[in-house]
Amino acid sequence: MAAELLRVEDLQVEFVTRDGVARAVNGVSFSVAPGETVAVLGESGSGKSVTAQAIMGILDTPPARIAGGSIRLLGRELVGLSEDEYRLIRGEQIAMIFQDALSALNPVASVGKQIAEMFQIHRGASRQDAKDQAIQVMTQVGIPAAASRYDSFPHQFSGGMRQRAMIAMMIALKPKVLIADEPTTALDVTIQAQIIELLQELQSETDMGLILITHDLGVVAEVADHITVMYAGRTMEEGPVDEIYRSTANPYTRGLLQSIPTIHSAEGRLPAIPGLPPSLFALPEGCAFHPRCPNAKDRCRQGEAPELVEVADRHRSRCWYAEEVMRSDNLR
Amino acid sequence: MSDLQVEAQSAQAAGPESRTVAADAWYQLRRNWVFWVSVVLIVGISAIVLFPGLFASEEATTSLTGGCQLEDSLEAPGDKFLLGADQQGCDVYSLSIYSARTSVSVGLLTAIGTTLIGSLLGLLAGFYGGKSDSVLSGVTSIFLGLPFVLGAVVLLSSVDLPDIWGVVFALTLLSWATAFRLVRAKTIEAKGQDYTLAARALGAKDLRIMFRHILPNAIGPSIVVAVISLGIFIGAEATLSYLGLGIQPPNTSWGVMISEAQNAFFTAPWVLMVPAGFLTVTVLAFILLGETVSDALDPKLRK
Amino acid sequence: MGRFVVRRLLQIIPIFFGVTFLVYFLVSALGSPLDTLSPQQKRNPAYLEYLTEQFNLNDPFIVQYFKYIGNVFTGDLGTTFAGESVTEIVITRMPVTATLAGTALVIELVLGIVIGVVAARRRGKLFDNASLVIALIFIAIPVFVLAFVLQWLFGIKLGWVVPTGISEGWPLSYIVPAFVLAAGSLAYVIRITRQSLLETLNTDFIRTARAKGLPAGTILRRYGLRNSLIPVVVFLGLDIGALMTGAVVTEGIFNVPGIGQQLFTSIKQQEAVVIVGIVTLFVIIFQLLNLLVDVISAALDPRIRYE
């Protein structure tokens, strides 16, 4: 595999609020290579979206601030970059598509103009030139009769078409890395598959790195090369997708995997992880997952959280008993 | 709201500190000094309205018992008259205190009247829908098509109405439509909610649904609007009285005082500025109270 | 867009009939204009006859209304006791009022939006708090009090302008009354712009704009302001009524010879015919301006246009 495009190392993001400091992201690490798809997996509130926004440099500061760690894009450190420098990278080298395209698109500007804007602002294209290129990108993402839909407004598009328009806007300048923050959650199941397929197509055409933020394990199994599992702002486990599905080294990941229905589990209850994720203002001592962990022992309940340690080639887990979990009987 | 804040908030909600809307609103209000300023002002104004004798002597406001002497006409603020005297030589401060009752009563009665009429009609129209709703909503847009002070000007200049109740009647008749729109919208919203549908499925009667399930949802915003409009109606009364169409002497209100003081304004500004000051502070107090409560009830505006 | 305008025009028609009916209802269904006359007016048979004839008081109420609305459609707003046509008075005075109102509108929009945007950008800072306090005072202070104070301050104390009349022409004679007229609405424009901009800047599409790598200035103008101005325009529509009431008092106090001053004098002299005529005209203008505001909001917001 070619050299890595993006490396996130031990990223820490804090929110300073009236009720105290919340550690929304507390040590997240992963990397993305060209053509690779990295899935970031976790329940809501696990810090997935915050991580994505930190990479994009679009966190609202304050209340948020990057408290530590590093984000390197093509070898260049992004943490600490000035807003002006960061702006030139966004859209150009790294872009992001959002969950709800209806609220993420400007309601009072036509879809076409919002796409054409990328060429005008980043590339200095003329109005007509930008329009032609925008129509081309719209066609590329499968918007039928793109030229005649150029002047339509977001609310006149269907949900699937809006998400396609959003993708068109963000891949317009052929970024090296595309972050997709739950791109299909707001869509019908049939449309979901189409959008994922579109993302894969685009990826194979341009060899871009794709960071797919999701809680949909089905999609992950289908498209991801690499997985990062997050819990309470931390990476709990990361590794190649087959490796993780085959020999999970973390009880949390196992819990997630057990909660997907399969053909074999059609009868009886699906096992769910008991309890709720902790408040970011009051993380439990020791391993953050211990109150919900079936394997928790005394060591997990006190002192420092375990480190993220390598358990196999490119496979890391944050668990005192990673080896033990790996050896125990796996699911499939 | 961005996902980010939602994430932060849901993380917060999962913690031990989750609160109800009302408790959260009260938590917000308690820490808001603007709210306390308006409360203190309104308590003060209420005291003046209820017990003017505590603040001034009625004798100083009338020439009947010899309180006002013409020789004191337009006397400047000083030892004899704290805030000066008017043309008749009456104490401007005492007059302002004794005028509060009329000004505030007109505002209060109008606010109550518009809220009752508007809410009741809005509740019925929103609940039953259909023809009665279309008719009432049509009538509402007609009333909203006539600026209410202009309408009151037409009514009060063409029809002979008793002064205080006439002003209340005119203002109420011409401005119930706002409360109607609000309550109707809230009713339609609450009607579609699961708890209303559930109550209906359990066989609750219309009246019970309206008063137990729908009204509680509409009452908060209506009261907030009523408090703000109370301030606005006090101002409207002053405008009408200033134009000579509102309260008629010998009854007195801040508007009447301002109207009578205007000719002497350049020589004796205090005669106008004192009642104008009372008026402005009172209007401001009600608007501030209404707005701070409304902000506290609206989670969208949380910082 | 064309269809939208036509649809709105059609909606105005029943409202127009409804509002004129309401005006006439206020004039003569609840009582009679003859009741409010002063004792000496009551003793003047010519005046009684004039009023009876102007308001068709001998006809049943509904006939009175149709005669009145018929006159309105033929451009006849009534005749003063002195025999002048109210329509003609209004036409000669119209330009003055239009100038005053136009100046007021420019003041409230330009100042209001600029102050609102700056306040939003400096949220919680001194400028923000100061502008909010001043805005509240402008909302609470009655127009006529502000008029007297500014007339005294600029016309007498500082002597920058002639306190009354329009002898100095535009802009000198108009600026103070226009500011007085604009003050209340200016306060609301500041508050609405600030609030709406803060809300807009918190939306998902602003985050998208940042993810696209647009410069901050472009985001503020093209995304933030463009969306925040919609509520401001909607407010202007609601506020026209208050501006009309304000124009009556302002023109009266500053002796600006417009339609408002005519209404002001007529109220003082209890000339019911002129009052009804001018208020009817105001109602018509109110409806047309509201239509204009709707068209502008539709132009700004495609979601309204395609509803």
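This is a predicted model: local features need pLDDT of at least 70, side-chain atom pairs count only at pLDDT 80 or more; totals for chains, interfaces and linings use all residues.
I take a salt bridge as a side-chain nitrogen of Lys or Arg within 4 Å of a carboxyl oxygen of Asp or Glu. K212(C) forms one with E117(A), with 2.8 Å between the closest N and O atoms.

**Chain C against chain A.** I looked up contact (heavy atoms within 4.5 Å). It takes 22 residues from chain C and 27 residues from chain A. The two chains bury about 2,200 Å² between them, 56% of it on carbon and sulfur atoms. Buried area here is the accessible area (1.4 Å probe) lost by two parts on being put together, summed over both. R207(C), R210(C) and K212(C) supply 30% of the area that chain C buries against chain A, more than any other three residues.

I count three salt bridges between chain C and chain A. I also find 13 residue pairs in polar contact, both at pLDDT 80 or more. A polar contact is a pair of N or O atoms within 3.5 Å; within protein, one must be able to donate a hydrogen and the other to accept it, and residues adjacent in sequence count only if both atoms are side-chain atoms.

**Chain B against chain C.** Contact takes 47 residues from chain B and 50 residues from chain C. Together they bury about 4,200 Å², 75% of it on carbon and sulfur atoms. In chain B, the residues losing the most area to chain C are L150(B), Y242(B) and F266(B), together 14% of what that side buries.

The rule finds one salt bridge across this interface of chain B and chain C. E291(B) pairs with R191(C) in a salt bridge, the closest N and O atoms being 2.2 Å apart. Two residue pairs are in polar contact between chain B and chain C, both at pLDDT 80 or more.

**S70(A).** Is S70(A) buried or exposed? I find S70(A) buried, because its relative accessible area is 17% and buried means under 20% (1.4 Å probe, protein chains only). Its side chain makes a polar contact of 3.3 Å with that of E77(A). Leaving aside neighbours within four places in sequence, S70(A) is in contact with R7(A), V8(A), E9(A), E77(A) and V79(A).

Key:
Residues are numbered from 1 along each chain as its sequence is written. Chains are lettered from A and ligands numbered from 1 in the order in which they are written. Side-chain values use heavy atoms; hydrogens and water are left out. Buried means under 20% relative accessible area, exposed over 50%, partly exposed in between (1.4 Å probe, protein chains only).
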